Amino acid sequence: MGRVPNVTRADAQAALRNPLAFIAARWTPDPRTVRRAALTALVMSVVIVVTGGAVRLTGSGLGCPTWPKCTDDSLTTTSEMGLHGVIEFGNRLLTYVLCAAVGWAIVAARSQKPYRRSLTLLGWTQFWVVMGNAVLGGIVVLVGLNPYTVAAHFLLSSALIAVATVMWQRTREGDAEPRPLVGKAVTQLVWFLVAASVLLIAVGTVVTGAGPHAGDSSEVARMPVDWEAVAKLHAVLAWIVVTLTFALWFVLKAVDAPKGPPARTRELFLILLAQGLIGYVQYFTDLPEVLVGAHMFGSCVMWIWVLRVLLSLRERPEETAPQPSPVLAQEPATSASIAGPR
């Protein structure tokens with residue numbers, strides 16, 4: 001074992017002033033470590049959505065009836081609160097795991113050499129989205145699972161997944177200017193697909209807000225709309241997304257695009273078919289909790305792949321260092337006859 005270096009008072013002060021810079025000066029992670037850190041943050045952003053869905057589907061939304069404490073007198077769940085309290089408090093604890101994953105991604109990105117400011121900013125964006133969503137989750141509890149705040153909570157989680165997906169993609173790219181791999185018309189078609197997907201997710205939160213799974217066994221307010229009618233609108237939007245995806249795949253094959261965009265589009269099409277199958281089965285079987293949870297997970301995966309399709313339309317190679325310009329030899333200021341013998 002090598003000798004452990006002594007930490008001086010100056011080192012301790014530097015670590016307190018700027019811990020990220022202190023770590024970055026002493027650690028250079030492997031690029032694979034940075035990619036794994038970003039992927040871990042992305043996976044945890046999906047896990048927190050799925051476990052949040054489990055809280056709702058088990059009727060545990062008010063298992064901890066207040067926030068930030070679990071009860072007025074206890075920070076944690078108590079035995080009197082039963083299984084619902086354990087489920088709700090467990091989901092709260094997972095927020096700390098998510099924060100740790102995002103923190104690791106930030107540290108890894110900040111320590112990478114050369115320093116990539118855009119990558120670090122994506123990590124910090126995730127951190128602040130997590131903090132905002134934690135506060136919003138507390139508001140959800142304090143207002144008794146108001147369906148509009150619950151919908152906003154899910155939409156902000158989808159925004160977190162989007163930022164995490166972009167960061168994961170950026171760890172596998174360089175920092176040069178992006179070069180498009182397809183024409184402008186194809187890019188516009190993909191943006192239509194992204195917009196339709198956002199609308200699909202938003203309408204899905206209305207279905208949940210008006211549907212039978214209120215999130216708690218007590219009387220909880222619902223959105224004053226016919227949830228079956230909204231569910232049918234949700235299905236129509238899903239078919240629009242499927243149609244746009246199939247059209248995109250056909251266009252990409254017709255224009256002989258590089259293999260990346262067609263591959264991501266084909267994967268998205270298969271995910272959409274699986275998600276649609278789950279959606280129809282859960283609708284015609286009176287929304288069993290297991291299938292609703294699977295549909296929420298599928299929504300996260302679908303959203304990730306929509307973004308992967310968008311990001312596959314360009315490439316960003318590594319930046320090349322500017323080559324030094326050759327220095328021309330200078331003529332002597334005076335001729336040899338003037339300068340005289342040396």
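**View 1. Helix 6 (147–170) and helix 10 (289–311) each contribute at least two residues to the lining of the largest cavity.** The model shown here and in the views below is predicted. The structure has one cavity of 30 Å³ or more, and the volume of the largest cavity is about 40 Å³. Its lining consists of V49, F154, S158, I161, I201, S299, C300 and W303. Sorted by class, six of the lining residues are nonpolar and two are polar, and no charged residue takes part.

**View 2. R308 is a buried residue without a salt bridge.** R308 lies in helix 10. The nearest side chain of opposite charge belongs to E267, at a distance of 4.4 Å. R308 forms no salt bridge with E267 because the pairing requires a side-chain nitrogen within 4 Å of a carboxyl oxygen. When neighbours within four places in sequence are set aside, the contacts of R308 are T165, W168, R172, R264 and E267.

**View 3. E267 and R264 are joined by a salt bridge.** The closest N and O atoms of this pair are 2.9 Å apart. Both residues belong to helix 9 (residues 260–284); they are three residues apart, so about one helical turn separates them. E267 is partly exposed, its relative accessible area being 26%.

**View 4. A salt bridge connects E315 with R179.** The N to O distance in this pair is 3.0 Å. The two residues come from distant parts of the chain, 136 residues apart: E315 is in strand 2 (residues 314–315) and R179 in strand 1 (residues 179–180). Both partners are partly exposed, E315 with a relative accessibility of 33% and R179 with a relative accessible area of 44%. The salt bridges of the structure number eight, and the E315 and R179 pair is one of those in the model.

Key:
Residues are numbered from 1 along each chain as its sequence is written. This is a predicted model: local features need pLDDT of at least 70, side-chain atom pairs count only at pLDDT 80 or more; totals for chains, interfaces and linings use all residues. Side-chain values use heavy atoms; hydrogens and water are left out. On a 1 Å grid over the protein atoms alone, a cavity is a set of points where a 1.4 Å probe fits but cannot get out, and a pocket is an open set with protein on both sides within 12 Å along at least five of seven lines; lining residues have an atom within 4 Å of a point. Grid points are joined across faces, edges and corners, and a volume is the space filled by probe spheres set on the points. Helices (H or I, at least four residues) and strands (E, at least two) are DSSP runs, numbered from the N terminus. Ala, Val, Leu, Ile, Met, Phe, Trp, Tyr, Cys and Pro count as nonpolar, Asp, Glu, Lys and Arg as charged, and the others, Gly among them, as polar. Buried means under 20% relative accessible area, exposed over 50%, partly exposed in between (1.4 Å probe, protein chains only). Lys and Arg count as positive and Asp and Glu as negative; His and the chain ends are not counted. Contact means heavy atoms within 4.5 Å.
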